[in-house]
Amino acid sequence: MLIHLHIPNSQIPIMAFVTALFLSSLLTLSVSSPGHALSMNYYHKTCPNAEMIVANTVKTATRKDKTVPAALLRMHFHDCFLRKSQVWMSAFVDIHPNFEGCDASVLLNSKGNNKAEKDAPPNGSLHAFYVIDSAKQQIEALCPGVVSCADILAFAARDAIVLSGGPTWDVPKGRKDGRTSKASETTKLPSPIFNISQLQQSFSLRGLSLDDLAALLGAHTLGFAHCSSFESRLNSNNVDPTLNPTFAKHLRNICPIKNKAKNAGATMDPSSTTFDNTYYKLILQQKSLFSSDQALLTHPKTKGLVYKFATSRKAFREAFVKSMIKMSSITGGQEVRKDCRVVN
């Protein structure tokens, strides 16, 4: 992020020093306060087998249930997008007390009068929490009190992509687990009916650019969506004009206005268990399930990226990895939980 300062020549020596000092403190805030600095070799000495344990656990679960990878990836996204108001630029103003992010708050159970994130409507379809629990239990037996649930979830999301035929990457490590999880905060999650301005605002509040937006939405190449996520586009009197008419008719058969099956819905794309660039090709064909996905064509920047990713699987994979590392590095939290479902 560039900062342009217009200063009279006579003040440059003094202002240069002040600016350097300010930017130095700004960078310090962005890395260590209130989040935590991450590193690639964080567990090199304390728990070198942590990632292998997670990978094997995710692999075993996926053999039994092909929906596990999509579930873990969505879980990680929903974790990183909550309990976060501002990022790097927040050093110009006051630091938000809930300045967290990928802190495993989505894993916490509701307790007493507090309804946790996982029990809120937007997270009602999240599943595969048992995969994280299993990996955590194995790691605790080997390296007690060392590896955070937030890191385990980040590893699992990466492994989910790999098992689905996608790219791999070295996950930055050292996240801490948060102690707070509020269902009310899930209203801040990006909605499948957002327009491009709403999407841009949601992502920018988390320090993510339009490039990141276009790349990360590509995660929608995996998984399943319930009718409630897209049925607003199927209004019998006014079908969304950005929706392919034939595809709209197909979706209407799946999601009738009356007599709708409880778990009715559709896969995100025909190859819903394979990490590929089909998602972008469907957008160009006006066959994306969410209006928020189709909205990528309404901004010159994201429209160009949709065309780029639809024609180059390599370009998509590279962009996705870069943006995933950026998103998953939104850090916060205060502890390493012994049990991912409850605070210490």
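Visitor: Is Ala128 buried or exposed?
Guide: In this predicted model, Ala128 counts as buried, at 4% relative accessibility.

Visitor: Where is the place of Ala128?
Guide: Ala128 lies in the loop between α3 and α4.

Visitor: And what about the phi of Ala128?
Guide: Phi of Ala128 is positive, about 75°, although the residue is not a glycine.

Visitor: Which value does phi take at Ala104?
Guide: Ala104 has a phi near 65°, which is likewise a positive value in a residue other than glycine. Ala104 is placed in the loop between α3 (68-80) and α4.

Visitor: Why does Ala104 count as buried?
Guide: Ala104 counts as buried because its relative accessible area is 0%, and the cut-off for buried is under 20%.

Visitor: Changing topic to the helices: how do the axes of α2 and α4 cross?
Guide: The axes of helix α2 (residues 50-64) and helix α4 (residues 129-142) come within 9 Å, with a crossing angle of roughly 145°. The crossing of α2 and α4 is right-handed.

Visitor: Which residues make the contact?
Guide: From α2, the contact involves Ala50, Ile53, Val54, Thr57, Val58 and Ala61. From α4, the contributors are Tyr130, Val131, Ser134, Ala135, Gln138, Ile139 and Leu142.

Visitor: How many residues of that contact are nonpolar, polar or charged?
Guide: The contact of α2 with α4 has ten nonpolar residues and three polar ones, and no charged residues take part.

Methods. Residues numbered from 1 in each chain as written. Predicted model: local features only at pLDDT ≥ 70, side-chain atom pairs only at ≥ 80, totals over all residues. Heavy atoms only, no water. Axes fitted to C-alpha atoms, helices over the stretch in contact; angles between N-to-C directions. Helix = DSSP H or I, 4+ residues; strand = E, 2+ residues; numbered from the N terminus. Left-handed = near helix turned anticlockwise from the far one by under 90°. Contact = heavy atoms within 4.5 Å. Nonpolar A, V, L, I, M, F, W, Y, C, P; charged D, E, K, R; others polar. Buried < 20%, exposed > 50% of the residue type's maximum accessible area, 1.4 Å probe, protein only.
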